[in-house]
Amino acid sequence: STQYTAETRIIEVPVWYQDPCTAEVVARFREGYHQDPSGTDLDYAAKVNGLADAAEFIRRHHESPWLVSMVGFVAGLPFMYQLVPRDRQLEVPKYVRPRTDTPKLTVGHGGCFGCIYSVRGAGGYQMFGITPAPIYDPTQKLPDFADFVCFFRPGDIVKFTGIDRAGYDEIRRIIREEEPARPSTRVSTLGQAAATISASSASRPTPGSSSADAIAPSAGPTK
């Protein structure tokens, strides 16, 4: 198999799965928008992947790392896919019709791609939860954005970690108290890590550790 070695960052992204913010939006966009209006996006994702329930899907979602393949569509939004064999790739169709609302920092999924919505707006990816720390800061006031307005870079390796309401609120509190001069704590203190990816085992997209301390609910992508 062909192997590629690249300099990259390992970033931990806390996710409050099944949070009330995305749950409220999910409930508003069912009939005429979603393939299965009777349940939630996580229920549907588990069903189409042959998993027992939403809890098993959540476990599969955060047990393997994800590779950021590009950043864009709207400013700061990372597209990523799991670094797993093809037969373990999570795949979930997009909504039948795009929503007119998606909370800022929603963790979404469409096809084989995951994403984090950097701003609030329209969207078509299934919604699984929300992350508490900003990924796009046009004002560049926070320390993570001293060099650029977007946090993610192509090639970053992301590890999702489940958190609860208390964990979400604590990270939001820390962000509010951050001093502009404080260095970033989200990227590994070891700096950049070398990642080797096997082209034969990593899933390819279809058309259509030391890690961070933290990586929550404003306008967005129609995907």
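Thr8 is buried in this predicted model, with a relative accessible area of 5%, where buried stands for under 20% relative accessible area, exposed for over 50% and partly exposed for the range in between, as found with a 1.4 Å probe and protein chains only. Thr8 belongs to strand 1, which spans residues 3-8; strands are DSSP runs (E) of at least two residues, helices are DSSP runs (H or I) of at least four residues, and both are numbered from the N terminus. A polar atom of the Thr8 side chain lies 3.5 Å from the backbone nitrogen of Asp156.

The model is a prediction in which local features need pLDDT of at least 70 and side-chain atom pairs count only at pLDDT 80 or more, whereas totals for chains, interfaces and linings use all residues. Residues are numbered from 1 along each chain as its sequence is written, and side-chain values use heavy atoms, with hydrogens and water left out.

The secondary structure of the protein consists of 4 helices and 9 strands, and from the N terminus on these elements follow the order β-β-α-α-α-β-β-β-β-β-β-α-β. Of the 223 residues, 48% count as buried. The protein exposes about 10,400 Å², of which carbon and sulfur atoms supply 53%; these accessible areas come from the Shrake-Rupley method with a 1.4 Å probe.

A closed barrel is formed by 7 strands in the order 2-7-5-6-4-3-8, with mixed pairing. Neighbouring strands of this sheet are turned by 40° against each other on average, direction ignored, the axes being lines fitted to C-alpha atoms and the angles running from 0 to 180 degrees between N-to-C directions. Strands of a sheet pair through backbone hydrogen bonds, either parallel or antiparallel, and two strands are taken to pair if DSSP finds at least two bridges between them. Strand 3 (residues 66-71) and strand 8 (residues 157-162) are paired in the antiparallel sense over 2 bridges, and Leu67 stands opposite Ile157 in strand 8.

Strand 5 pairs with strand 7 in the antiparallel sense over 4 bridges, with Thr106 opposite Ile130 in strand 7. Strand 5 is also joined by 4 bridges to strand 6 (residues 113-116), again running antiparallel, and the bridge partner of His109 in strand 6 is Gly114. Strands 5 and 6 form a hairpin with 2 residues between them, and in its turn Gly111 has a positive phi of about 70°.

In helix 1 (residues 20-28), Thr22, Val25 and Val26 are buried. These residues cover an arc of only 105° around the axis, which puts them on the same side of helix 1; the arc is that of the directions from the helix axis to the C-beta atoms. The buried residues of helix 1 pack against helix 2 (41-48), strand 5 (106-110) and strand 7 (126-130).

Ile163 lies in the loop between strand 8 and helix 4 (165-177) and, at 22% relative accessibility, counts as partly exposed. The C-alpha atoms of Ile163 and Pro14 are separated by 6.1 Å, although these residues are 149 residues apart along the chain. When residues up to four places away in sequence are not counted, Ile163 touches Pro14, Val15, Trp16, Tyr17, Pro132, Tyr168 and Ile171, a contact meaning heavy atoms within 4.5 Å.

How values were computed:
A polar contact is a pair of N or O atoms within 3.5 Å; within protein, one must be able to donate a hydrogen and the other to accept it, and residues adjacent in sequence count only if both atoms are side-chain atoms.
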